[in-house]
Amino acid sequence: MTKKENNKINDSIVDDEFDRLLDEFIRNNAKETEESKMMETSFDYKGQTYQSPEGVSEAVCILRDFEIGTGCSKLQAGKNDGCLYITHRGGSTLHITIGSDQWEKPYDKESVVIPAALYRVGTPTPLATSEMELTDSKPEPMVLNTEYPLEPGNYFVYFGNAIPGDRNTELEKAGEGICRPIKILTDGSRIKRPRLKSCESVEWANKAENGLWKNNSIKFSLVLEDFVETYYMLGILFYNSDLALVAQGTALESPARRNQRKIRFNLEPEKAILPGNYTAVLTANRFPFALMTITIDNRGGIYCRTDALDKEDYFFKTVREMEFGRRPLWHITRNLPGLRDQKRKLYALYEERCRAERAGYRLPGEVLVFTAPTDFRATRTAYSVKMELSIGKKSINIINCEGSRENFDSRINLLLEDREDTAFILYHADKLSSPENQDMLNAVLESVAHPEEGTLLVLCFNDNAFEPFIKQYPQVVESVNDNRHIRVMKQSVAECVDALLKAVDKSDMLFNEAIRKEIVHTVVDNWTICNLQDWDNYDDWLEETVKPALCERLNIRVYTESQPQEVTVEDLRLENHWEILSDRKAASAGSMEEEKVRFEDAMKELNGMVGLNELKKGLADLFIKMQFNKQRERLGLPADSEAPHHMLFTGNPGTGKTTVAKLIGKIYRSMGLLSDGEVIVTERTQLVGPYIGMTEEKMREMLENSKGKVLFIDEAYTLCDSLQDRKDFGNRVIESLLTVLAEPHPDLVVILAGYEDEMQRLLKMNQGLKSRFVCHYEFEDYTAEELFLIAINHLARYKYVLTEEARDAFVKEIAETIRCKGKDFGNARWVKQVLDNTVLPAMARRVMQSGKPLDMELCTRIEVEDIHAVKEQTLFKKKKDNRIGFMR
């Protein structure tokens, strides 16, 4: 073979090899492209490949949580058993909501599109797909509609272009997205439930820890039968005698199991398990079907019996409707202390309103009463169920009958003028009897008399105030039967233990399990002996008893939070702490109660006056502060010794400045701030002398006579117009006052009064004077409504009453006078003068000239013609004032 032929053969071999290698490269590249395309259109989840929804590209969004719902249930992270429940009537739609705080997009993107799909485990293709655009605004809910109704089984929802947040362990990464596994079950109302055959055993998980401690879980072993071929999520809810949920657990049963099954629950209590009676409710797919009554004795022995569960039973209704139903805030109500059996009444009221709403029936107006050991607890209970109570009403309005009316103006106007089909919660309801709330009390009485208005009134009282109120106004509550009176009681032993353990958990000291158990045992053993129903200041025990005992044992001067120490049994000293509390209570109860009675008695007349809310509140706060300081002194703590507060009263004539000043002495004496309490009323002419030295002498004598009393200086601005005018001896009065005002405990109260602008000028002329009068109360002109109320009170004192026409005429007369008033308008003084000098004389003339036999009605009823005398008198005065020239 020639060289040329040989080269030709070699070239041919090279060409063949090149063609082979090229073909192999093309085939491999095509395979990689196909695999790449497969990766873009599918993902692997728990060992199986699923087809991705359209729009999946890359994971760019962090998704922390979302809510999935069907027509009758919702699923949120960590908030239920991981199941969604469907009914036969509507099981083909899922609603998905992503809150604005549940996701995070890249900073460089204005929005992110999240494709989503629903899969049944084992089926590669999605049952439904959709997508949601996430922007800074609140996203719209996403809807996944399946072609056919969903069947019970295991499913998952896939979100593309997302990765799971760090804290949510229920979201799993899969390809360029995340999966949320869910179980879909038929709602228990739509299937045959199993039957509880027997309770085989109930025992402590740790038999050595014989009860009485919440970390010792309870094991239930139950025998159930009559299962059907479906998935069951069996549940158990464990309630104590306060009807508070102590523990709950679940167990999933698949269709593959035999008909009779032994089901085991291991309950981890959220509250301490104490001796007493308990109720366990069994549920199948959220539907209650069996009841167990459990008794735990003082030694930790557990006894169980099964009971029938009727659909009218409280536990059936509340578990079905409240625990699993439409009222997610029920857990707040059922855990409120002191309610116990009153929860049955609350649920009955809620159920009554639901039935009326479903039937389209309008409930008549009614009164509900909430009473409790304190105003706060009565109000808190009513507030927690306000949405349940106001079903079928246009709105619900909360009014503090003790607070400043200005803060509740719009709600009070609703009560007075537009209360039809509206709900009102009135707390501190006993204050309806005060004069400034007369209009509200009248509205309440009218509402009670006219149930057709459909007004709901929820009145909140403390126990001590309720009885006196209903004795005075029995008609307010005459329609309130026992089912409409919610009585909040003192705490139970279980509620006390629960709150005490929470305080221990928050403490900066270390309490091991044995110590916690010892605390529980000690409280239970001493509950009745030490009368612990009122003990609720657990922080005091921790700080005043446990911590000092711990420091004494460890020989350390100051406890350091950064170096927490272990508490031992000898540090607890609970019995010692309770004994100290009992001694303090016995020592202070008498004096504290007596002081309170004296103060309230002294305040009665002031509280009966119209308006002046800031002054009333200031005096009440001062009294409370004084009692608080006395308690601190008894505890050996440093406390301020209160001195009487000097005051500045400003306002126009007739606004009550002098009247109130005369009451201040009595009030201050009741608080122990003044030794006498008499009020000396004076003004410039009695203080300023005509010659040098006489003013100082007068002031010395006045101040000496005022010891232990109130010195009230009216029109105080007339004392001086200028501090530079040394000829004005009024300056000597100011200088003498400053000396007394500087004393820390002078046994004297000085009240300066006058017009607002003039008094401000006086204070500006002497900053020392201004700093001594920290209590400045402005007596505003009375409104027409307040003047009318003053008139009503004045007439009632002498048993006069206005007819309806007379009331209307007098209201108009007052309003007209207010409209035309000048700076010297007499306010309350004008009202009383009009009544005493015009209206009552006109009434006397009419009655005596009528010739009729005098009876009770005739001598007490003021007619409209008597009121017209006011207008006639006003016109006469105007006509007289307009005359000019000389009289003959």
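Q: Is Asp 430 buried or exposed?
A: With a relative accessibility of 14%, Asp 430 counts as buried, where buried means under 20% relative accessible area, exposed over 50%, and partly exposed in between, computed with a 1.4 Å probe on protein chains only.

Q: Ok, before going on, what sort of model is this?
A: This is a predicted model, in which local features need pLDDT of at least 70 and side-chain atom pairs count only at pLDDT 80 or more, while totals for chains, interfaces and linings use all residues. Residues are numbered from 1 along each chain as its sequence is written, and side-chain values use heavy atoms, with hydrogens and water left out.

Q: What does the pLDDT average for the protein chain?
A: The average is 82, and 86% of the residues score at least 70; pLDDT is the predictor's confidence in each residue, on a scale from 0 to 100.

Q: How many salt bridges does the structure hold?
A: The structure holds 43. One of them joins the side chains of Asp 187 and Arg 320, at 2.6 Å from N to O, and this pair links distant parts of the chain, 133 residues apart, with Asp 187 in the loop between β15 (177-186) and β16 (195-204) and Arg 320 in helix α2 (residues 314-323). Helices (H or I, at least four residues) and strands (E, at least two) are DSSP runs, numbered from the N terminus.

Q: And is Asp 187 buried or exposed?
A: Asp 187 is buried, at 2% relative accessible area, whereas Arg 320 counts as partly exposed at 22%.

Q: New topic: which residues touch the most other members of the largest nonpolar core?
A: In that core of 58 residues they are Phe 220, Phe 238, Phe 265, Phe 511 and Trp 541. A nonpolar core is a set of buried Ala, Val, Leu, Ile, Met, Phe, Trp, Tyr and Cys residues joined through side-chain atoms within 4.5 Å.

Technical notes. A salt bridge is a side-chain nitrogen of Lys or Arg within 4 Å of a carboxyl oxygen of Asp or Glu.
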